[in-house]
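Biologist: Can you walk me through the model? I'd like to start with the cavities.

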Amino acid sequence: MHEQRSQPYLSPSGDTSDMEDIVAALAPRLAYFAGVARTEHVTRAAREMRVPQSTLSRAMVRLEQDLGVDLFARRGRTVALTPAGRTFLRSVERALAEIGRAAEEVRADADPAAGKVAFGFLHTMGSETVPGLIRAFRADHPRVRFSLVQNYGEAMLERLRAGELDLCLTSPVPDAPDLVGRRLDEQKLRLVVPADHRLAGRRRVRLAEAADEAFVTLEPGYGLRRITDDVCRAAGFVPRVAFEGEEAETLRGLVAAGLGVALLPPPAVPRPGVVELTVTAPRAVREIGVAWMEGHPDTPPVAAFKRFLLSRRGKLLSTAPDGL
């Protein structure tokens with residue numbers, strides 16, 4: 001008969017720390033419990049799991065002590081599950097199956113030939129640069145999978161720190177003790193003006209000539225916004241911001257509507273209604289780099305893609321799907 005033990009070794013109070021203590025104590029013995037429950041024989045279970053019978057017996061006694069209930073009714077060398085044991089077994093089997101699935105998933109992600117890379121990049125690199133990079137990489141690694149994330153720089157670095165990304169292309173190149181940043185390329189920024197703007201007939205312009213214009217920019221926190229502010233300051237003025245957005249092509253639409261001018265990287269496809277002028281002074285560029293966590297071990301597919309990105313120094317932005 002099943003009987004309640006008078007004093008469990010672990011008595012949960014409901015606190016998170018207490019529950020963690022219980023899990024830590026029980027987890028190593030769950031597979032042993034499932035093996036004994038399956039065979040209903042300690043000696044046979046010990047032989048199948050290749051552990052000493054004494055070790056298995058002690059583990060089951062300690063498990064019952066920790067829970068404060070009898071999980072087995074013992075009949076000589078055989079055992080049978082009590083009602084509490086059957087209840088416990090159902091949850092244990094689900095937990096062990098989930099652990100097995102998790103182990104298979106992380107092994108698959110680390111597979112050198114068919115693993116996964118979690119890769120982040122700027123919105124402005126999503127239409128041509130990143131598809132071209134992945135296509136070129138998969139020419140030699142056709143089965144490697146990618147989890148792709150588009151976001152602005154600071155958000156990607158936070159996801160990198162949280163372990164959600166393996167690598168990210170960002171601008172500016174981060175300078176932080178917990179991150180490694182490598183410069184890969186630079187991209188010239190253009191002054192984008194409406195097609196009927198007073199400067200629209202020009203091919204080149206000094207940025208100071210736009211000092212009195214209203215600017216449309218990305219929101220604070222975006223790398224390109226910081227670069228815009230810095231370049232304008234170098235030109236001798238603080239930009240008068242009329243509109244802030246989250247995506248470069250939206251800003252081009254605002255410029256086309258006559259709502260301001262913008263400093264932007266070249267578009268993937270020319271946008272009607274705007275003219276893009278080369279900035280001759282000051283130097284208006286943004287650096288593009290790859291970042292990863294300092295000291296973070298790489299799986300084989302991540303290491304291979306990292307080597308590939310570093311090999312693209314100076315020619316990262318020339319990678320386009322039609323040019324491969």
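Modeller: A cavity here is a set of grid points where a 1.4 Å probe fits but cannot get out. Bear in mind that this is a predicted model.

Biologist: How many cavities of 30 Å³ or more does the count come to?

Modeller: The count comes to 2.

Biologist: Which residues lie nearest the centre of the largest cavity?

Modeller: Leu 122, Thr 124, Leu 218, Tyr 222 and Arg 286 do, out of 15 lining residues. By class, that lining has 6 nonpolar, 6 polar and 3 charged residues.

Biologist: And what lines the second largest cavity?

Modeller: Its lining includes Val 216, Leu 218, Leu 251 and Leu 264. Strand E9 (214-218), helix H7 (223-234) and strand E11 each give two or more residues to it. The classes are 7 nonpolar and 2 polar, with no charged residues.

Biologist: E11 is in a sheet, I take it. What is the strand order?

Modeller: The sheet is open, with 4 strands in the order E8-E12-E7-E11 and mixed pairing. Strands E8 (204-206) and E11 (262-264) are the edge strands, each pairing on one side only. On average, neighbouring strands are turned by 45 degrees against each other, direction ignored.

Biologist: In which sense do E7 and E12 pair?

Modeller: E7 (residues 190-194) and E12 (residues 274-281) are antiparallel, over 5 bridges. Val 193 has Val 275 in E12 as its bridge partner.

Biologist: Changing topic: how many salt bridges are there?

Modeller: The count is 23. One of them joins Glu 186 and Arg 283, with the closest N and O atoms 2.4 Å apart. Glu 186 sits in strand E6 (residues 179-188) and Arg 283 in the loop between E12 and strand E13 (285-293), so the pair links parts of the chain 97 residues apart.

Biologist: Is Arg 283 buried or exposed?

Modeller: Arg 283 counts as exposed because its relative accessibility is 58%, and the cut-off for exposed is over 50%. Glu 186, at 26%, is partly exposed.

Biologist: What about Arg 145 and Asp 109?

Modeller: Their side chains meet in a salt bridge at 3.1 Å, N to O. Arg 145 is in strand E4 (residues 145-150) and Asp 109 in helix H4 (residues 83-109), 36 residues apart. Arg 145 is partly exposed at 35% relative accessibility, whereas Asp 109 is buried at 17%.

Definitions and conventions: Residues numbered from 1 in each chain as written. Predicted model: local features only at pLDDT ≥ 70, side-chain atom pairs only at ≥ 80, totals over all residues. Heavy atoms only, no water. Pairing = 2+ DSSP bridges. Axes fitted to C-alpha atoms, helices over the stretch in contact; angles between N-to-C directions. 1 Å grid on protein atoms, 1.4 Å probe; cavity = no way out; pocket = protein on both sides within 12 Å on 5 of 7 lines; lining within 4 Å. Points joined across faces, edges and corners; volume = space filled by probe spheres on them. Nonpolar A, V, L, I, M, F, W, Y, C, P; charged D, E, K, R; others polar. Salt bridge = Lys/Arg side-chain N within 4 Å of Asp/Glu carboxyl O. Buried < 20%, exposed > 50% of the residue type's maximum accessible area, 1.4 Å probe, protein only.
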